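User: Hi! I have a new structure open and I'd like to talk it through with you. Can I show it to you first?

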Amino acid sequence: MTKLPPATLAPLPPRQRTFHPEPIFLITPVEKTEKPGKAGWYASVVSGMFFTSRNLQTQAGQALNGTESGAWTWQHGIQFGRNLNAHWAFETGLQHSSIQLKAERLIHFQYRTDREKFNLNRYLYQNSTDQVIQTSFGEVDMRMDMAREPSRPILDQANVEIMLRTSEQVNFLRVPLLLRYQTGTGPWQWSLGAGLGINLKTGYELSLTAARANRPGVRDISARVQHRPDGLAPVMLDAQFGAGLQYRLAPRWALQLSPQLRYGISSINRNNALKSFAISGGLQLGLNYNFN
């Protein structure tokens with residue numbers, strides 16, 4: 001047999017394995033959210049308490065009947081705003097506002113015996129007269145009613161001094177025109193605003209809360225307004241200044257707290273010798289909805 005040549009054994013090449021790892025992102029990029037204050041519309045429901053008073057300017061020969069002081073009033077309404085850019089916005093709306101004054105007023109009641117009427121059921125003599133009092137809102141025509149005991153007569157044409165405690169209020173429909181600057185990061189924003197308020201008179205009220213006379217035996221003093229004050233201005237303008245702190249509850253909803261000061265730039269009444277300028281300051285709470 002033919003002898004075969006020896007075979008040469010060569011090692012096989014090792015198997016090479018290649019590892020290509022996939023990139024792992026531990027932090028997922030967050031999509032950018034729209035900035036609060038982006039151009040667009042928003043609306044608010046607002047409500048708050050304001051202390052209302054007035055600054056009185058009188059000339060010689062003019063005086064009020066009594067001493068007036070301010071009072072707290074509740075004000076509410078709706079606002080509409082337009083964000084012009086990320087920081088500036090324009091606002092307007094409709095609000096119900098009031099100016100209330102409480103006062104002690106001295107009235108001189110001229111007693112006339114020919115106007116006496118005896119009330120048998122109450123066993124009192126009743127008397128009435130017309131009175132005109134000067135307030136910060138104008139001249140008010142009142143009908144005064146007074147009763148006396150039969151055993152305590154009052155002389156004809158006698159001057160009876162009566163101290164009245166009154167509450168006087170004028171109601172307005174208010175249209176604010178404001179320019180607001182706003183800024184902030186995250187859910188919190190703060191703002192500053194200033195502008196003009198147009199107040200349209202919608203009603204007038206005067207109530208008598210207490211009365212006392214300088215004569216013994218006088219009872220049951222009452223008063224009623226015959227018509228609105230003569231000289232009460234139908235439109236009043238004021239300058240408004242304020243700040244705001246806003247917290248975003250959701251992408252479209254926000255809660256706002258806003259202190260405000262309003263100062264009258266036109267008189268409440270049209271009496272040239274006695275001018276009254278309204279002053280209001282308080283805190284307003286609002287719920288805002290953004291339409292963006």
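User: Let's start with the rings. How many aromatic pairs are there?

Analyst: The count comes to ten aromatic pairs. Keep in mind that this is a predicted model. A pair of aromatic rings is described by the distance of the centres and the angle of the planes.

User: Nice. What kind of aromatic pair do Phe-51 and Trp-72 form?

Analyst: Those two are edge-to-face, with 5.6 Å from centre to centre and 70° between the planes.

User: And which strands are they in?

Analyst: Phe-51 belongs to strand E1, residues 40–58, and Trp-72 to strand E2, residues 67–83. They are 21 residues apart, so the pair links distant parts of the chain.

User: Is Trp-72 buried or exposed?

Analyst: Trp-72 is exposed, because its relative accessible area is 53% and the cut-off for exposed is over 50%. Phe-51 has 35% relative accessibility, so this residue counts as partly exposed.

User: What else does Trp-72 touch?

Analyst: Leaving aside neighbours within four places in sequence, Trp-72 is in contact with Met-49, Phe-50, Phe-51, Gln-100 and Gly-281. As for Phe-50, its C-alpha atom is separated from that of Trp-72 by 5.6 Å, although the two residues are 22 apart along the chain.

User: Which residues do ring pairs link into a cluster?

Analyst: That cluster is made of Trp-88, Tyr-181 and Trp-190.

User: Switching topic: what do the eight strands build together?

Analyst: They make a closed barrel, in the order E1-E2-E3-E7-E8-E10-E11-E12, and the pairing is antiparallel. From one strand to the next, the twist averages 20°. In general, strands of a sheet pair through backbone hydrogen bonds, either parallel or antiparallel.

User: Could you zoom in on one pairing? Over how many bridges do E3 and E7 pair?

Analyst: Strand E3 (residues 88–110) and strand E7 (residues 159–183) pair over 20 bridges, in the antiparallel sense. Within that pairing, Ala-103 stands opposite Thr-166 in E7.

User: Now the loops. Where is Pro-187?

Analyst: Pro-187 is in the loop between E7 and E8. With 35% relative accessibility, Pro-187 counts as partly exposed.

User: Which residues does Pro-187 touch?

Analyst: Not counting residues up to four places away in sequence, Pro-187 touches Gln-246, Tyr-247 and Arg-248. Pro-187 and Leu-249 are 62 residues apart in sequence, yet their C-alpha atoms are 7.5 Å apart in space.

User: Tell me about Gln-246, then. Is it buried or exposed?

Analyst: Gln-246 is buried, because its relative accessible area is 14% and buried means under 20%. Gln-246 sits in strand E10, residues 235–248.

User: Which side chain does the side chain of Gln-246 make a polar contact with?

Analyst: That would be Asn-288, at 2.8 Å. Beyond four places in sequence, Gln-246 also touches other residues, including Trp-188, Gln-189 and Leu-255.

Key:
Residues numbered from 1 in each chain as written. Predicted model: local features only at pLDDT ≥ 70, side-chain atom pairs only at ≥ 80, totals over all residues. Heavy atoms only, no water. Pairing = 2+ DSSP bridges. Helix = DSSP H or I, 4+ residues; strand = E, 2+ residues; numbered from the N terminus. Axes fitted to C-alpha atoms, helices over the stretch in contact; angles between N-to-C directions. Phe/Tyr/Trp six-rings, centres within 6.5 Å; stacked < 30°, edge-to-face > 60°. Buried < 20%, exposed > 50% of the residue type's maximum accessible area, 1.4 Å probe, protein only. Contact = heavy atoms within 4.5 Å. Polar contact = N/O pair within 3.5 Å; in protein donor to acceptor, adjacent residues only side chain to side chain.
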